[in-house]
Amino acid sequence: MTISKVLGFKRTLVRKMDIYESGVNPSGSATRQYDVKYYLTAILFLLFDVDLVFLLPWALGYQNAQDQTFMIYGFLFFMAILLVGYIFVINSNSLKWEE
Amino acid sequence: MLELILETLIKAAIIVGLPLGSIPIILVVERRGAGFMQKRLGPNRVGPFGLMQPLADVFKFLFKEEVEPSHVRPFFYTIAPLIALVVAVMPLAVIPVAAPFDFNGKTIFPEVFHTDLGIFFAFAVSALGSYGILVAGWASNNKFSMLGALRACAQMVSYELSLTTAIVAMIFLYGSNDIHSIVAEQTGYWFGFLPKWGFFVQPVAAVLFLVGIFAESNRLPFDLAEGESELVAGYHIEYSSIKFAIFFMAEYVHMLVLSGLFIILFFGGYSLLPGMELLVGDSALMLTIMQVLSFIIKISLMVWFFVWVRWTLPRFRYDQLMMLGWERLLPLGIFNLIITVLVVHFRNH
């Protein structure tokens with residue numbers, strides 16, 4: 001990046017420093033309101049991903065566990081909670097993007 | 001201590017240098033491949049068969065003016081490409097290209113940083129890739145780039161869920177997070193001819209993972225972050241000169257890393273391709289060379305697959321993309337995980 005700064009041509013024009021909006025004069029600010037769905041997606045991702053990441057140590061511990069049947073019951077209970085949450089999310093239409 | 005530092009430095013130079021050096025080759029393959037698929041020539045003027053084209057591109061990028069528009073947030077605008085590249089290169093540290101071998105009476109691990117948590121580390125770091133894009137989009141202070149960054153982030157996190165379900169299922173099957181033991185599990189043959197690759201055990205997880213890595217590395221058909229027809233260029237719209245090139249390098253390295261992980265989990269990593277045993281014989285040196293060669297061949301096929309898909313499938317619409325991620329792939333991944341766990345459990349008991 002430094003090399004490019006030294007070697008690159010420099011012709012400073014005011015127009016060049018403007019916001020790029022397909023050649024039209026820029027209007028309004030970029031930090032306007034955006035769809036809340038992006039935020040919802042991020043929050044839901046956090047919930048589900050934390051759930052799934054909890055399963056990683058479980059998957060590693062299963063092979064050496066003493067009572068593997070108990071591990072399976074725990075897993076099924078955990079997945080049941082996850083599925084209930086998932087069905088709620090889908091039914092609440094918070095992930096419907098087409099309008 | 002000095003020896004350890006020296007060893008690490010040499011390995012780092014080779015393992016990070018090799019993928020970075022192979023980016024020009026991927027670029028040629030991609031552009032010539034595009035030409036091949038669209039019945040045109042592609043860049044063929046610079047050097048023999050256009051092989052020098054990427055070198056010319058690099059010099060052009062270096063000599064172009066570096067515009068820093070007046071409305072950006074300068075600090076974040078400058079560090080965003082660096083975040084993207086560093087985060088893309090870091091997972092390479094745990095990806096081995098061959099089995100551990102003896103050298104001067106010492107066991108050498110052919111990756112920079114040997115850890116039992118290889119897979120976990122690689123995915124944790126490569127998931128940070130969305131930060132580079134988000135910072136770039138926000139710092140550019142432009143409507144197109146902001147929208148591109150938001151889209152990229154929402155898409156990457158959505159597909160990471162189905163990716164994670166595939167990883168959990170595979171780690172449960174192998175019972176280990178260590179890349180060397182995962183590859184060791186996949187060495188050998190069933191019925192004498194079918195390689196013991198994870199793909200044949202878990203085709204559903206493999207498909208989930210494949211779709212996930214296309215979405216994670218923002219390649220077509222999932223490159224909604226860049227969608228030329230609607231967002232012009234997405235998050236790197238205000239970038240010029242070498243900063244723009246760095247974003248591209250980051251994308252290609254990310255692609256390489258993810259295809260490496262895909263191969264490790266589903267296609268036996270550096271384990272030999274069928275038929276290669278005949279070439280190896282008893283020599284340990286030959287074995288290592290052949291393992292490196294197998295890994296490189298598998299990676300090259302993956303990269304060609306990326307190019308192939310890019311010029312075959314059209315881009316998704318955004319709501320279709322989100323629906324595919326959340327309402328198709330995620331439940332599929334969860335059910336695949338549950339069935340895998342139950343089958344393994346009832347086979348043991």
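**View 1. B:Glu30 sits in helix 1 of chain B.** Helices here are DSSP runs of H or I with at least four residues, and strands are E runs of at least two, numbered from the N terminus. This is a predicted model, so to speak of a local feature takes pLDDT of at least 70 and a side-chain atom pair counts only at pLDDT 80 or more, while totals for chains, interfaces and linings use all residues. Residues are numbered from 1 along each chain as its sequence is written, and chains are lettered from A and ligands numbered from 1 in the order in which they are written. Is B:Glu30 buried, exposed or partly exposed? B:Glu30 counts as partly exposed because it has 18 C-beta neighbours inside 10 Å; 20 or more would be buried and 12 or fewer exposed, with C-beta atoms placed from the backbone. Along the sequence B:Glu30 and B:Phe306 are 276 residues apart, yet their C-alpha atoms are 8.8 Å apart in space.

**View 2. Helix 1 of chain B bends by about 30° at B:Ile23.** The bend is the angle between axes fitted to the seven residues ending at a residue and the seven starting there. A proline, B:Pro24, follows within four residues.

**View 3. B:Lys39 has a positive phi, near 55°.** Most residues other than glycine have a negative phi. B:Lys39 belongs to the loop between helix 1 (2-37) and helix 2 (53-63) of chain B. With 6 C-beta neighbours inside 10 Å, B:Lys39 counts as exposed.

**View 4. Helix 3 of chain B bends by about 30° at B:Ala80.** Here too a proline, B:Pro81, follows within four residues. Which residues of helix 3 of chain B are buried? They are B:Tyr77, B:Ala80, B:Pro81, B:Ala84, B:Leu85, B:Val87, B:Ala88 and B:Val89. These buried residues pack against helix 1, helix 4 (118-126), helix 5 (129-140) and helix 11 (241-266) of chain B.

**View 5. Helix 3 and helix 5 of chain B cross at roughly 165°.** Their axes come within 8 Å; axes are lines fitted to C-alpha atoms over the stretch in contact, with angles from 0 to 180 degrees between N-to-C directions. That makes helix 3 of chain B roughly antiparallel to helix 5 of chain B (over 145 degrees; under 35 is roughly parallel, 65 to 115 roughly perpendicular and the rest oblique). Among the residues making the contact are B:Phe76 and B:Ile83 of helix 3 of chain B and B:Tyr131 and B:Trp138 of helix 5 of chain B.

**View 6. Helix 6 (residues 143-174) and helix 9 (residues 203-216) of chain B pack at an angle of about 150°.** Their axes are 8 Å apart. Helix 6 of chain B and helix 9 of chain B are therefore roughly antiparallel to each other. Residues that meet here include B:Met156 and B:Tyr159 in helix 6 of chain B, and B:Leu208 and B:Phe209 in helix 9 of chain B.

Terms used: Contact = placed C-beta atoms within 7 Å.
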